[in-house]
Amino acid sequence: MSRKEEIESLLQESFTPLFLEVADESHMHSVPEGSESHFKVTLVSDQFDSKPLVQRHRAVNSSLGALLAGGIHALALHTMTPEEWFAKGGVAPDSPPCLGGSKK
């Protein structure tokens, strides 16, 4: 199972989301091919109602625990309630281009 699939599985189980998208953005960075080290997660769940952003991110980080300790370098999180998701037109922001390593 790829890291992307592991992330999807753990988040599905933990949050039963209305919407979940996990994008492997490693190809946008200065890492070897197949690194699976940079991810963007868009997660929409009722569980985020009345929770500030930092609590949402802590909940996601907690559910991914061991994966985060084992080779994931970057994890961009877009955590929203269904109301927030629909107010944004059902889209998450694009990730900025990499400015590190040899991409400067």
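**Ser63 and its surroundings**

Reply: In this predicted model, Ser63 touches Leu10, Leu11, Ser14 and Phe15, leaving aside residues up to four places away in sequence. Ser63 itself lies in helix 2. Its relative accessibility is 19%, and because buried means under 20%, Ser63 counts as buried. The side chain of Ser63 also reaches the backbone oxygen of Val60, at 2.9 Å.

Val60 leads on to the nonpolar core. The largest such core has 14 residues, and Val60 is among those with the most contacts inside it, together with Ile7, Leu11, Val41 and Leu43. At least two residues of this core come from each of helix 1 (3-15), strand 1 (19-24), strand 2 (38-44) and helix 2 (53-69). Beyond residues up to four places away in sequence, Val60 touches Leu11, Phe15, Leu43, Phe48, Leu77 and Thr79.

Helix 1 deserves attention next. Its buried residues include Leu11 and Phe15, along with Arg3 and Ile7. These four cover an arc of only 70° around the axis, which puts them on the same side of helix 1. The buried residues of helix 1 pack against strand 1, strand 2 and helix 2.

The length of helix 1 can be checked as well. At 1.5 Å a residue, its 13 residues should span 18 Å, and the end C-alpha atoms are 18 Å apart, which agrees. Just after helix 1, Thr16 takes a positive phi of about 35°.

How values were computed
Residues are numbered from 1 along each chain as its sequence is written. This is a predicted model: local features need pLDDT of at least 70, side-chain atom pairs count only at pLDDT 80 or more; totals for chains, interfaces and linings use all residues. Side-chain values use heavy atoms; hydrogens and water are left out. A nonpolar core is a set of buried Ala, Val, Leu, Ile, Met, Phe, Trp, Tyr and Cys residues joined through side-chain atoms within 4.5 Å. Buried means under 20% relative accessible area, exposed over 50%, partly exposed in between (1.4 Å probe, protein chains only). Contact means heavy atoms within 4.5 Å. The expected span of a helix is 1.5 Å times one less than its number of residues. The arc is that of the directions from the helix axis to the C-beta atoms. A polar contact is a pair of N or O atoms within 3.5 Å; within protein, one must be able to donate a hydrogen and the other to accept it, and residues adjacent in sequence count only if both atoms are side-chain atoms.
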